[in-house]
Amino acid sequence: SSRFSYERVFESMDDRLTRGGPLALKPAGHQISFNQTTDFSKPLTGFGNVTYQWDEAGNDKTTFFANLSIKTSSTWELSLGPRLSFNNAIAQYVGDEEDPEATNTYGARYIFGDLEQTTFSLDTRLNVTFTPDLTLELYAQPFIASGDYGALKELAAPGTFEFNEYGVDVGTVALDEDGDALIDPDGAGPAETFTVSNKDFNRVSLRGTGVLRWEWRPGSTLFLVWQQSRSQNEDYGDFDLSRDAGNLFEGDSYNVFMVKATYWLGS
């Protein structure tokens, strides 16, 4: 079956944009979504979704999601759930700097940056039934995200979604070899300079869980659990699936092993 939907979000005030600072305007936006579903009674089933969001300020986000389930036997089932999203934000919160000269925003400068972000993840599940009393559940989620920050700017005034870009609308900005930005918010004015560190990122992580369940007598069960997580951070800023996927196994791994047993005392 197929489904198409449209949502309209009206302009409102946003109490989260400045992370505890003054209210800002949340621009009116739109969302369209398309879903496609197959017959779930079949051995091979699937679900797909495409969603596109945009607003009147120029922000937009596209998300692709799918789920594929394979069950050709009553003893096992494999499920794959890839998700890919592209997010273009013109005002991603970076931080704030106290400055008595920033009278328009109550003595602090609320700093934002353009952001191009790509995120990919793959939920993988495998369930195996050896016998009615012995089962194995495996789960793994590789996750890759990259973010490339662009022009830095500050909120122009409370209650708005308007910004003054450093080096264009106000002040000056100079980048060093590490990508850190030295900002003079008012040029020759009295405001002090400050530094915004390079926010570009590439983050990869891999989480996995395995649960072996054995009901060794009616009502009494033994669980053997293994969990592993590993992650690594870089600051390339661009998305490269081949390179980033190769880094999934480079970070330090953390392993947790647990044993749980229940015993039925009834007759």
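Analyst: The strands β11, β12 and β13 form an open sheet of 3 strands, in the order β11-β12-β13 and with antiparallel pairing. Strands here are DSSP runs of E with at least two residues, helices are runs of H or I with at least four, and both are numbered from the N terminus. Two strands pair if DSSP finds at least two bridges between them. The model is predicted, and local features need pLDDT of at least 70, side-chain atom pairs count only at pLDDT 80 or more, while totals for chains, interfaces and linings use all residues. Residues are numbered from 1 along each chain as its sequence is written, and side-chain values use heavy atoms, with hydrogens and water left out.

β11 and β13 stand at the edges with a single partner strand each, so one side of each has no neighbour in the sheet. From one strand to the next the twist averages 25°; axes for such angles are lines fitted to C-alpha atoms (for helices over the stretch in contact), and the angles run from 0 to 180 degrees between N-to-C directions. Strand β12 (residues 181–184) is joined to β13 by 3 bridges, and the two run antiparallel. Leu-182 has Thr-195 in β13 as its bridge partner.

β13 also takes part in an aromatic pair. Phe-194 lies in strand β13 (residues 194–196), and its partner Tyr-166 lies in the loop between β10 (163–165) and β11 (172–175), 28 residues apart, which links distant parts of the chain. Their ring centres are 6.2 Å apart and the planes stand at 75°, so the pair is edge-to-face. Rings of Phe, Tyr and Trp (its six-membered ring) pair if their centres lie within 6.5 Å; planes under 30 degrees apart count as stacked, over 60 as edge-to-face and the rest as tilted. Tyr-166 is buried at a relative accessible area of 3%, and Phe-194 is buried as well, at 7%. Buried means under 20% relative accessible area, exposed over 50% and partly exposed in between, with a 1.4 Å probe and protein chains only.

The structure holds 7 aromatic pairs. One aromatic cluster is formed by Tyr-93, Phe-112, Phe-161 and Phe-163. Rings also meet charges: the charged end of Arg-203 sits over the ring of Phe-201, 4.5 Å from its centre, and that of Lys-260 sits over the ring of Phe-223, at 5.9 Å. The criterion is NZ of Lys or CZ of Arg within 6 Å of the ring centre and within 35 degrees of the ring normal.

Elsewhere, strand β1 (residues 2–9) and strand β4 (residues 29–37) run antiparallel and are joined by 8 bridges, with Tyr-6 opposite Ile-32 in β4. β4 also pairs with strand β5 (residues 44–55) in the antiparallel sense, over 9 bridges. A hairpin through 6 residues joins β4 to β5.

For the chain as a whole, the secondary structure comes to 1 helix and 16 strands. Along the principal axes, the C-alpha atoms fill a box of roughly 85 × 45 × 40 Å. Of the 267 residues, 34% count as buried.
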